[in-house]
Amino acid sequence: MRPLALAAAVLLAAPALAADTVQIQVTGRGFEPQQVKAKKGQPTTLVFTRTSDRTCITAVDIPAENVKQLELPLGKPVSVTITPKQKGIEKFHCSAMGMGGGKIVVED
Ligand SMILES: [Cu+2]
């Protein structure tokens, strides 16, 4: 493929500000994966699916994004779209006790 055609293909594949999607399972072991990536200024949709009753993570908080008590019904995917404003690490955890140690690594 010639360089110009390649550039056009890349542009078509990545429309401006379409949200990236990241799947996070909540299992008996906690968040899987426990660490995800996002980009500063880029909308990112986190889809949490709780697949176990053997966890205290039945609702989630992402304090840096003002997400509180996002309820996670068993077996039902729940989405939240965030747009991180600064580079660094945003934590997420169970609403009740602050457990789970989830991290969103925000890059430039
Ligand atoms: Cu907990």
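Among contacts in the chain between residues at least 6 apart in sequence, 61% join residues at least 24 apart, two residues being in contact if their C-beta atoms, placed from the backbone, lie within 7 Å. The model is predicted: local features need pLDDT of at least 70, side-chain atom pairs count only at pLDDT 80 or more, and totals for chains, interfaces and linings use all residues. Residues are numbered from 1 along each chain as its sequence is written.

The chain has 1 helix and 9 strands. Helices (H or I, at least four residues) and strands (E, at least two) are DSSP runs, numbered from the N terminus. Of the 108 residues, 20% count as buried. A residue is buried if 20 or more other C-beta atoms lie within 10 Å of its own, exposed if 12 or fewer, and partly exposed in between, with C-beta atoms placed from the backbone.

The strands may be taken sheet by sheet. Strands of a sheet pair through backbone hydrogen bonds, either parallel or antiparallel; here two strands are said to pair if DSSP finds at least two bridges between them. An open sheet of 5 strands has the order β3-β9-β8-β5-β6, and its pairing is mixed. Because β3 (35-39) and β6 (67-71) stand at the edges with a single partner strand each, one side of each is left without a neighbour in the sheet. From one strand to the next, the twist averages 25°; axes are lines fitted to C-alpha atoms, for helices over the stretch in contact, and angles run from 0 to 180 degrees between N-to-C directions.

Within this sheet, β9 pairs with β3 in the parallel sense over 5 bridges. Gln35 has Lys103 of β9 as its bridge partner, and Lys37 stands opposite Val105 in β9. With β8, strand β9 pairs in the antiparallel sense, again over 5 bridges; the bridge partner of Gly88 in β9 is Val106. The covered face of β9 carries Gly102, Ile104 and Val106, while Lys103, Val105 and Glu107 make up the uncovered one.

A second open sheet contains 4 strands in the order β2-β1-β4-β7, with mixed pairing. Its edges are β2 (30-32) and β7 (78-82), each with a single partner strand, so one side of each is left without a neighbour in the sheet. Neighbouring strands of this sheet are turned by 25° against each other on average, direction ignored. Strands β4 and β7 pair in the antiparallel sense over 5 bridges, and Phe48 has Val78 in β7 as its bridge partner.

The largest nonpolar core has 14 residues, of which Ile24, Val26, Phe48, Ile57, Val60 and Leu72 touch the most other members. Such a core is a set of buried Ala, Val, Leu, Ile, Met, Phe, Trp, Tyr and Cys residues joined through C-beta atoms within 7 Å. At least two residues of this core come from each of β1 (20-27), β4 (44-50), β8 (88-94) and β9 (102-107). Neighbours within four places in sequence aside, Phe48 is in contact with Ile24, Val26, Val60, Leu72 and Val78.

Lys87 lies in the loop between β7 and β8 and counts as exposed because it has 12 C-beta neighbours inside 10 Å. Lys87 and Lys40 are 47 residues apart in sequence, yet their C-alpha atoms are 5.9 Å apart. Residues up to four places away not counted, Lys87 touches Lys40, Val106, Glu107 and Asp108. In the loop between β3 and β4 is Gln42, which counts as partly exposed because it has 16 C-beta neighbours inside 10 Å. Beyond four places in sequence, Gln42 is in contact with Asp20 and Thr83.

Some backbone features remain. Most residues other than glycine have a negative phi, and most peptide bonds are trans. The peptide bond from Glu32 to Pro33 is cis, with omega near 0°, and Pro33 lies in the loop between β2 and β3. Asn66, although not a glycine, has a positive phi of about 55°; Asn66 lies in the loop between β5 (59-62) and β6. Gln69, in strand β6, has a phi near 55°, a positive value in a residue other than glycine. Asn66 is exposed because 8 other C-beta atoms lie within 10 Å, and Gln69 counts as exposed with 10 C-beta neighbours inside 10 Å.
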